[in-house]
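Here is a short tour for someone meeting this structure for the first time. Have a look at the picture, then read on.

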Amino acid sequence: MSDSHAAYTVLRTYLLDKTDFSEESLSTIFSYFRLKKAARYEFLLTSGEVCRHLYFVSRGSFRLFYTQPDGAEATRYFALENTFGTALQSFLTQEPSLETNQVLENSDLLFISYEDFYHLHATVPGWDAVYRYILETAYIISTRRFETFLCLDAADRYRWLLRMHPSLIERFSNKHVASYLGLSQETLSRLKSRIGRSLQPT
């Protein structure tokens with residue numbers, strides 16, 4: 001199976017899980033997506049640019065992060081396989097983004113432009129369900145992360161990530177995970193060692 005065929009197969013499964021699309025509708029939707037084979041650490045968007053594309057991850061991953069005034073990075077979101085992701089505020093408003101979008105692993109991404117996304121919304125029955133799911137998921141993820149920063153200390157943030165998204169800890173570097181949790185790499189290393197030991201059977 002070619003990379004292109006495999007990518008569209010993953011997208012097809014995702015779409016049919018959200019609503020019942022006809023084969024004609026699926027064919028129309030696919031005609032507006034393009035495949036991008038992105039290399040590890042490639043930038044899809046840099047801060048200050050307007051976000052023109054929404055990405056679907058067929059294989060691999062990317063992250064969205066802010067660069068703080070002191071140069072430190074704050075990762076907002078990891079996009080993994082079978083998910084959509086982009087600098088959503090910039091995509092929706094078509095204003096310059098404060099976020100940067102960076103690929104973390106060699107990835108197969110399907111992307112659609114802002115104009116084509118809204119063309120599908122206006123013309124393809126069922127696309128509004130996909131649109132709603134993307135927005136609702138983004139809101140839930142952002143709210144949960146905000147709550148962890150308000151309500152949890154460093155150790156409990158790490159326990160939350162270990163419980164809710166253990167694959168992030170396994171797949172990505174301490175630098176990127178620490179930037180997601182709002183911790184220094186040194187603090188994360190200590191937590192991984194201490195909490196990791198405490199979870200071992202006695």
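Contact here means heavy atoms within 4.5 Å. Ile134 sits in helix α5, which covers residues 127-151. Helices (H or I, at least four residues) and strands (E, at least two) are DSSP runs, numbered from the N terminus. Is Ile134 buried or exposed? It is buried, because its relative accessible area is 12%. The cut-offs are under 20% relative accessible area for buried, over 50% for exposed and partly exposed in between, with a 1.4 Å probe and protein chains only. Ile134 and Leu161 are 27 residues apart in sequence, and their C-alpha atoms lie 22 Å apart in space.

Before going further, a word on what you're looking at. This is a predicted model, where local features need pLDDT of at least 70 and side-chain atom pairs count only at pLDDT 80 or more, while totals for chains, interfaces and linings use all residues. Residues are numbered from 1 along each chain as its sequence is written, and side-chain values use heavy atoms, with hydrogens and water left out.

**The whole chain**

Stepping back, the secondary structure comes to 9 helices and 6 strands. The C-alpha atoms fill a box of roughly 55 × 40 × 30 Å along the principal axes. A compact globule of 202 residues would have a radius of gyration near 17 Å, and the chain has 18 Å, so the two agree. That radius is taken over C-alpha atoms, and the globule rule is 2.2 Å times the number of residues to the power 0.38. Of the 202 residues, 41% count as buried. Looking at contacts with a separation of 6 or more, 69% join residues 24 or more positions apart.

**Where α1 meets α5**

Back to α5, which has a crossing partner in helix α1 (residues 3-18): their axes come within 9 Å and cross at roughly 95°. That makes α1 roughly perpendicular to α5. For angles, under 35 degrees counts as roughly parallel, over 145 as roughly antiparallel, 65 to 115 as roughly perpendicular and the rest as oblique. The axes are lines fitted to C-alpha atoms, for helices over the stretch in contact, and angles run from 0 to 180 degrees between N-to-C directions. Tyr14, Leu15 and Lys18 are the α1 side of the meeting, and Trp127, Val130, Tyr133 and Ile134 are the α5 side. By class, that contact has 6 nonpolar, no polar and 1 charged residues. Here Ala, Val, Leu, Ile, Met, Phe, Trp, Tyr, Cys and Pro count as nonpolar, Asp, Glu, Lys and Arg as charged, and the others, Gly among them, as polar.

Elsewhere in α5 you'll find Thr148. With a relative accessible area of 6%, Thr148 is buried. Which residues does Thr148 touch, apart from neighbours within four places in sequence? They are Arg157 and Trp160.

**Where α6 meets α8**

Arg157 and Trp160 turn up again here: along with Tyr158 and Leu161 in α6, they meet Val177, Tyr180 and Leu181 in α8. This contact has 6 nonpolar, no polar and 1 charged residues. Helix α6 (residues 154-164) and helix α8 (residues 174-181) pack at about 115°, with axes 10 Å apart. α6 and α8 are therefore roughly perpendicular to each other. As for α8 itself, 6 of its 8 residues are buried, namely His176, Val177, Ala178, Ser179, Tyr180 and Leu181. Just after α8 comes Gly182, with a positive phi of about 75°.

**A histidine and some loops**

His121 belongs to helix α4 (residues 114-123). It is partly exposed, with a relative accessible area of 33%. Not counting residues up to four places away in sequence, His121 touches Trp127, Asp128 and Tyr131. His5 is 116 residues away from His121 in sequence and 24 Å away in space, C-alpha to C-alpha.

| Residue | Phi | Loop |
|---|---|---|
| Gln94 | about 55° | between α3 (88-93) and β6 (99-113) |

Asn82 counts as partly exposed, at 36% relative accessibility.
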